[in-house]
Amino acid sequence: MLREKMARIGGLVRKEVRQMFRDPRMSRMMFISPIMQLMIFGYAVSTDVRHTPLYVVDHDHTQVSRQLVEALTAGGYFKVVGRSDRAKDMADALDHGSTTVGIQIPPHYARELRDPDGARVQILVDGTNSNVATVALGYAEQIVRTHALTSLDRRFEPPVDLRERAWFNPALVSRNYNVPGVVGTIMLMMSLLLTSLAVVRERELGTLEQLMVSPLTPGELIAGKTIPFGLVAMFDMVVITAVALLWFRIPFLGQGPILLLAALLFLMSALGLGLLISTVSHTQQEAFLSTFLLMLPLMMLSGFMFPVTSMSPLFQWLTLLNPLRHYLEIVRAVFLKGSGFDALWHQFAALAAMGIGLLAFAASRFHKTVQ
Amino acid sequence: MAAISRIRLLAVARKEVVQLRRDRRSLILAFLLPVFMLVMFGYAISWDVRDIKMVVVDQDRTVKSRDLVAAFAASGYFEIVDHLPAARNVLPLFDRGTVKLALVIPPGFSRDLGNGISPGAPVQALVDGTDANTATIVLGYTRATVQSWSQRVVLQGRTLTPPITAESRVWYNEELLSRNMIVPGLVATIMMIISALLTSLTIAREWERGTMEQLAATPVSRLEVVLGKLIPYIGIGSIDVAITCLLGVFMFHVPLRGDILLLAVLSFLFLVGAFALGIWISAVVKSQLLATQMAMLVSYLPAFLLSGFMFSIDAMPTPLRILSHLVPARYFLVVTRGIFLKGVGLDVLLWPALSMVLFAVIGLTLAVRAFRKELD
């Protein structure tokens, strides 16, 4: 009995896989889409603030003022894009967006540093990109202050020696955070799209009825329709993890089996959602649009790009219903912190509950729409 | 090519409107997406780091150390959730991700503070670095808080004026709200998404349903078909731009400092280019499903990621920086942010404006050339 059941599911899976690879676009989507997203999130989506354009108006023209500019560019945080003697030029550069930060060093800067009143340096920041502006302003003020202190003869020591240490990501590379996150979004995307398209395609072609008159039970039909795409998603997970480790050299401190278990639990939710989409779509086009409409909030409210802690309380609460949020927390913690079950059991429990719930709900709806 | 007939042009447009009205899901997408994105970015998500959860490990337990902790509590950036006896108790909290920062004040802190020995009294700031972006900002606030506190302590003891005053001023977005950065950028990205998803269907649909033959049998020219199909989409696009701008200004209080007319004209040019690009994709691939996927890849993803909408182009590696010059949304973003936040005019926005014109011309040419009425 069980063997027959397995044989029927296996047959459907084989048919599905064969159908999948007959379409050359399919295999392209399987490989290229994850690799492309990885490249984008590995390289483009960097929230590190580096090479910020800096416009210099140096009225002082002394060695000390030149050293100040050098100090600003030395760390790689700023790069000088223009110099002038007139403050107007700096304002124009900010207006044009050709620079983000402007610094104006007053005449007699070097001398005034030794005055009892001290010197005044003006820093202008373009706030249109608030994220960059906040960080760049912090860097600029810090560098200016440190330079002023060290350029003085009197040995000034700050009374407090602040020793900073970033745990889990000592160099504060945003890539280490972003790249593991891609695993979750790709797996979700693949499961949603492939499952819903496969079911809807059968409906469009009218072959769903043929499957209905076959000895397959609805449960077997669902298993046969989801297992192949679950395998594709798992395959993508392995590819992404391999590229993350070997190409981007993302540190991996945790244990593989934990990651694998989390992926399996997450897949149940993702495949369940894919089945749900197939029950509300009549054409492949509709299924594609629905997938897109569902992906958008799932991604935005997952902490993938926007930290959950920065959301308003209501939406923070909403993210708890998002399987992607829990999965990403597990993935990132396993990669960067090496966390185990003791720290992550909340997320595992949530994923398991949501996976079973979504899959059961989708199966019951699917059952109805088929009949 | 024959002159454009108004009757034929409007007939194509009317046909497209009728067809579009039947496509319920696309229409929902067209009008709900801008509202949804605005609400998301306006209310739900932001990059503003506030109320950073922190713990304090105060092993000094003196007036000075308590004063430093009080400075953190009063800064407005931090929320002290707990006091711990030792630094090793911090790790489990970091593991669970409940706390972002730990301030460790070692024993002897206030003694070292007074003795003037280099390098000052040590204080340790431990930060959860997994989210590098948040961590950088957290460290920045920590530095600022410690620095202003230590300056105050120094001033109490000796009469020492800080040798330098950095007069920092933030222009255009004085309060550094990420909302002000996002909303003008949304106008550009939403338009790219909608154009990609809507127009990419239009010609592919004709091929799939076999109505292309009927269209071929009519006397309409290629240019008339492309322009006629564009009209309803431009209409939808203009409404979307208006919705986004109105909600942005009145609900989210994003300043609109520049010329509305200029914004309208440049938005129109951008829309023509974006929709024409969609029609081009649709005409080239001839399958609705493939067209939507292509459109997502060619226009939506670059508009989101390579336009400078959220991620600074200056920080990208050189190949991507060069690539970003090919993304039309990049220029439109300069326009919307320039007009909204900076209040600049055409003199400053001349180059992006010319890029918009170029984009529209290229888009239209591609669309008309790729669209063939001849049947294979």
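Leaving aside neighbours within four places in sequence, which residues is B:Ala276 in contact with? The views below take up this residue and its surroundings. This is a predicted model, in which local features need pLDDT of at least 70, side-chain atom pairs count only at pLDDT 80 or more, and totals for chains, interfaces and linings use all residues. Residues are numbered from 1 along each chain as its sequence is written, while chains are lettered from A and ligands numbered from 1 in the order in which they are written.

**View 1. Contacts of B:Ala276.** B:Ala276 is in contact with B:Leu230, B:Ala360, B:Gly363, B:Leu364, B:Leu366 and B:Ala367, neighbours within four places in sequence left aside. Two residues are in contact if their C-beta atoms, placed from the backbone, lie within 7 Å. In the largest nonpolar core, of 157 residues, A:Met187, B:Met191 and B:Ala276 touch the most other members. Helix H7 (residues 178-209) of chain B gives the largest share of this core, 17 residues. A second, separate core has 69 residues, among them A:Val135, A:Leu137, B:Val49 and B:Val55. A nonpolar core is a set of buried Ala, Val, Leu, Ile, Met, Phe, Trp, Tyr and Cys residues joined through C-beta atoms within 7 Å. Helices (H or I, at least four residues) and strands (E, at least two) are DSSP runs, numbered from the N terminus.

**View 2. B:Phe332 in helix H13 of chain B.** Helix H13 spans residues 328-342. B:Phe332 is buried, with 31 other C-beta atoms within 10 Å. A residue is buried if 20 or more other C-beta atoms lie within 10 Å of its own, exposed if 12 or fewer, and partly exposed in between; C-beta atoms are placed from the backbone. Residues up to four places away in sequence not counted, B:Phe332 touches B:Ala188, B:Phe270 and B:Met356. B:Arg179 is 153 residues from B:Phe332 in sequence and 18 Å from it in space, C-alpha to C-alpha.

**View 3. Strand E3 (residues 101-105) of chain B and its partners.** Five of the five residues of E3(B) are buried, so the strand is largely enclosed by the rest of the structure. Both faces are covered. B:Leu101, B:Leu103 and B:Ile105 are buried on one side, B:Ala102 and B:Val104 on the other. In a regular strand the side chains alternate between the two faces of the sheet. Strand E1 (residues 52-58) of chain B runs parallel to E3(B), joined by five bridges. B:Asp58 has B:Ile105 as its bridge partner in E3(B). E4(B) pairs with E3(B) in the antiparallel sense over four bridges. Two strands pair if DSSP finds at least two bridges between them. B:Val104 stands opposite B:Gln124 in E4(B). Six of the eight residues of E4(B) (residues 121-128) are buried, so E4(B) is largely enclosed by the rest of the structure.

**View 4. Where chain A touches chain B.** Here 86 residues of chain A are in contact with 83 residues of chain B. Helix H6 (residues 130-151) of chain A gives the largest share of the chain A side, 14 residues. The residues on that side divide into 44 nonpolar, 24 polar and 18 charged. Ala, Val, Leu, Ile, Met, Phe, Trp, Tyr, Cys and Pro count as nonpolar, Asp, Glu, Lys and Arg as charged, and the others, Gly among them, as polar.
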